[in-house]
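Me: I have a chain open here and would like to talk it through with you. Could you take my questions one at a time?

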Amino acid sequence: MDVSNWFPVENPEDYGEEPWDFDEAELAFLAALRARAAAWRVPWASSQVGRPEDDSSLLVHVDLVDEERGLLLGGWAVHFHGTHVRAGKARDQLFNLHESPELGYFRASGTVGELAERCAAWFEHVLSRPVVRLEWPSGAGTYVTRWEFADTGEALGATGVIPADGSPPAHRRTLRP
């Protein structure tokens with residue numbers, strides 16, 4: 001996949017803010033991450049580079065989306081701090097992280113190259129997981145819906161109350177193979 005498809009830099013001027021001034025380590029991390037991403041064999045996902053609200057790190061994130069429904073299923077982010085990273089599933093729109101190893105959270109220290117390699121492997125793992133949308137009929141012709149990672153059944157989101165009787169979904173659609 002073309003390296004330019006992964007991790008474009010968000011333009012803060014689009015929001016009336018000053019442009020970012022990435023330092024040498026941040027630029028090297030981003031270049032190494034993009035180079036590694038160029039070899040990925042995963043379906044494309046939205047990704048972006050920027051800074052969090054407090055400007056404390058270089059922020060790199062990917063989002064999984066149900067394109068058909070236009071619904072964000074989750075975001076996974078890396079906060080690069082020069083000599084260490086914090087990475088995991090984002091718990092909000094400000095990219096604060098769920099600090100739970102069960103949700104993929106980790107901290108690592110090392111060289112820029114080591115950190116980029118670790119983060120690239122982690123992103124690739126997240127992006128290679130299959131995602132499905134499950135639907136059960138509900139009243140008035142609507143559906144109860146659950147999105148999950150198909151490999152583990154880990155929920156990514158739901159609308160309505162999933163039937164407690166264990167009935168199988170009426171529809172199962174693969175969103176990411």
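Me: Is Arg 133 buried or exposed?

Reply: Arg 133 counts as buried, because its relative accessibility is 3%, where buried means under 20% relative accessible area, exposed over 50% and partly exposed in between, with a 1.4 Å probe and protein chains only. This is a predicted model, in which local features need pLDDT of at least 70 and side-chain atom pairs count only at pLDDT 80 or more, while totals for chains, interfaces and linings use all residues. Residues are numbered from 1 along each chain as its sequence is written, and side-chain values use heavy atoms, with hydrogens and water left out.

Me: Which side chain does the side chain of Arg 133 make a polar contact with?

Reply: The partner is the side chain of Asp 66, at 2.6 Å; a polar contact is a pair of N or O atoms within 3.5 Å, where within protein one must be able to donate a hydrogen and the other to accept it, and residues adjacent in sequence count only if both atoms are side-chain atoms. Arg 133 itself lies in strand β6, residues 131-137, with helices (H or I, at least four residues) and strands (E, at least two) taken as DSSP runs numbered from the N terminus.

Me: And what else is Arg 133 in contact with?

Reply: Leaving aside neighbours within four places in sequence, the contacts of Arg 133 include Glu 68, Trp 147, His 171 and Leu 175, contact meaning heavy atoms within 4.5 Å.

Me: Switching to the sheet, in what order do the 5 strands come?

Reply: They form an open sheet in the order β1-β2-β3-β4-β5 with antiparallel pairing, two strands being paired if DSSP finds at least two bridges between them. β1 (46-50) and β5 (106-109) stand at the edges with a single partner strand each, so one side of each is left without a neighbour in the sheet. From one strand to the next the twist averages 15°.

Me: How many bridges join β2 to β3?

Reply: There are 9 bridges between β2 (residues 58-66) and β3 (residues 71-80), and among the pairs Asp 63 has Gly 75 as its bridge partner in β3, while Val 62 is partnered there by Trp 76. The hairpin of β2 and β3 has 4 residues between the strands, and in it Gly 70 takes a positive phi near 65°. β2 is mostly covered, with 8 of its 9 residues buried.

Me: Which helix packs on that sheet?

Reply: Helix α2 (residues 112-128) does, touching β2, β3, β4 (84-89) and β5, and its direction makes about 165° with that of β3; axes here are lines fitted to C-alpha atoms, for helices over the stretch in contact, and angles run from 0 to 180 degrees between N-to-C directions.

Me: At what angle do α1 and α2 pack?

Reply: Helix α1 (residues 24-37) and α2 pack at about 40°, with their axes 9 Å apart. That makes α1 oblique to α2, since angles under 35 degrees count as roughly parallel, over 145 as roughly antiparallel, 65 to 115 as roughly perpendicular and the rest as oblique. Residues that meet across the pair include Phe 29 and Leu 33 from α1, and Leu 115 and Phe 123 from α2.

Me: Last one: where is the place of Phe 7?

Reply: Phe 7 is in the segment before α1 and counts as buried, because its relative accessibility is 0%. Not counting residues up to four places away in sequence, Phe 7 touches Leu 30, Trp 40, Val 62 and Phe 123, among others.
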